[in-house]
Amino acid sequence: MSVSDNSILLIGESGVGKTHYGAQLLNRLMNGAGKLRMDGAATNLQPFESAMGRLNEGLTADHTPTTTYVDSLWPITDESGLKAELVWPDYGGEQIKTMSTTRQIPAVWRDRVVVSPAWLLLVRLQQTRVSDDIFSRPLIDITGASVDNREVQISDQARLIELLQMLIFMRNESTTKPLVNPRLGVLLSCWDELGSDELNQPPAQVLERRLPMFSSFIHSLWAEPLLLGLSALGRALEPNNGDMDYIAKGPEHFGYVVLPNGQHTPDLTQPIQSLLAASALKLAE
Ligand SMILES: Nc1nc2c(ncn2[C@@H]2O[C@H](COP(=O)(O)OP(=O)(O)OP(=O)(O)O)[C@@H](O)[C@H]2O)c(=O)[nH]1
Ligand SMILES: [Mg+2]
């Protein structure tokens, strides 16, 4: 089995939590308490090791430079002893936003899009807004606003839809039937930032309320999109003021995934395990 068979294309704009999730995931894989664990020597760990160092001090890690792209190779094994090599990237999220605004996909990204059997899209709801329309503001406010010299920007959910459409187009996938390949996982990141009424709700329900157009888009295209919540850190950290709990207990005791039924699990490897299993990737010996 080639390495690319087990690669997960991690897609996320800047600031959605890719690097912090990578660091926490790596920590969990090394600890071996979850469904997946590390099985051998991982390579290219540098971006995640420096983030893990910061988390050990209870601090946030830095923003990844825009032009960075590093593929880390993680040999993993699951509870039943089957093995796989996971390709986990870290990159500056502006690369994703540039693709959707310029409608151009660099050749290297095209290759990644075409070979990956599973896409994992990170969406941070606190970073997305739904534009006003007649359902959220009185019509008079909207029609009365001057349209002269107004810069028109597409909404965040429209941009996410455009991005997925561009990626599907790259792969030449037919959308007349529900998509099975590539498998899509959507992780609603920084889940701890949601309001207390939403914290224990099923992620699909929260997505439908917060980004209704995006939610119906993915449900209409994919046969079975995987929708989970993620709080890689469990709470907000600061860049300069170390969190005492983190220092005392260690970052491996923080962070959780929100399952489709709204339950929380500390196993941060769960989304990867579900995606790999559902992609029908038989983990090679
Ligand atoms: N509250 C909370 N904040 C988080 C969580 N995960 C990440 N963050 C914060 O979100 C910010 C962005 O996280 P990063 O992991 O750097 O995001 P990124 O996607 O790698 O961003 P780029 O490197 O710019 O592409 C940081 O300030 C983190 O502290 C989380 O689970 N909860
Ligand atoms: Mg980053």
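Two strands pair if DSSP finds at least two bridges between them; helices (H or I, at least four residues) and strands (E, at least two) are DSSP runs, numbered from the N terminus.

This is a predicted model, in which local features need pLDDT of at least 70, side-chain atom pairs count only at pLDDT 80 or more, and totals for chains, interfaces and linings use all residues. Residues are numbered from 1 along each chain as its sequence is written, chains are lettered from A and ligands numbered from 1 in the order in which they are written, and side-chain values use heavy atoms, with hydrogens and water left out.

Q: Which residue of β3 is the bridge partner of Arg37?
A: Strands β2 and β3 run antiparallel and are joined by 3 bridges. Within β3, the partner of Arg37 is Thr77.

Q: Which residue in β8 is the bridge partner of Ser231?
A: An open sheet of 6 strands with mixed pairing runs in the order β1-β5-β6-β7-β8-β9. Within it, β7 and β8 (residues 256–258) pair in the antiparallel sense over 3 bridges. The bridge partner of Ser231 is Tyr256.

Q: Which protein residues are donors of the magnesium ion (ligand 2)?
A: Donors are N, O and S atoms within 2.8 Å of the metal (3.2 Å for Na, K and Ca); water is not among the atoms, so sites may look incomplete. Lying 2.0 Å from the ion, the protein donors are the OG1 atoms of Thr19 and Thr64.

Q: How many residues apart in sequence are the parts that Thr19 and Thr64 tie together?
A: Thr19 lies in helix α1 (residues 18–31). Thr64 belongs to the loop between α2 (46–56) and β3 (69–78), so the pair links parts whose separation in sequence is 45 residues.

Q: Is Thr64 buried or exposed?
A: Buried means under 20% relative accessible area, exposed over 50%, and partly exposed in between (1.4 Å probe, protein chains only). Thr64 has a relative accessible area of 10%, so Thr64 is buried.

Q: How do the residues lining the largest pocket divide into nonpolar, polar and charged?
A: Ala, Val, Leu, Ile, Met, Phe, Trp, Tyr, Cys and Pro count as nonpolar, Asp, Glu, Lys and Arg as charged, and the others, Gly among them, as polar. The lining residues divide into 9 nonpolar, 12 polar and 7 charged.
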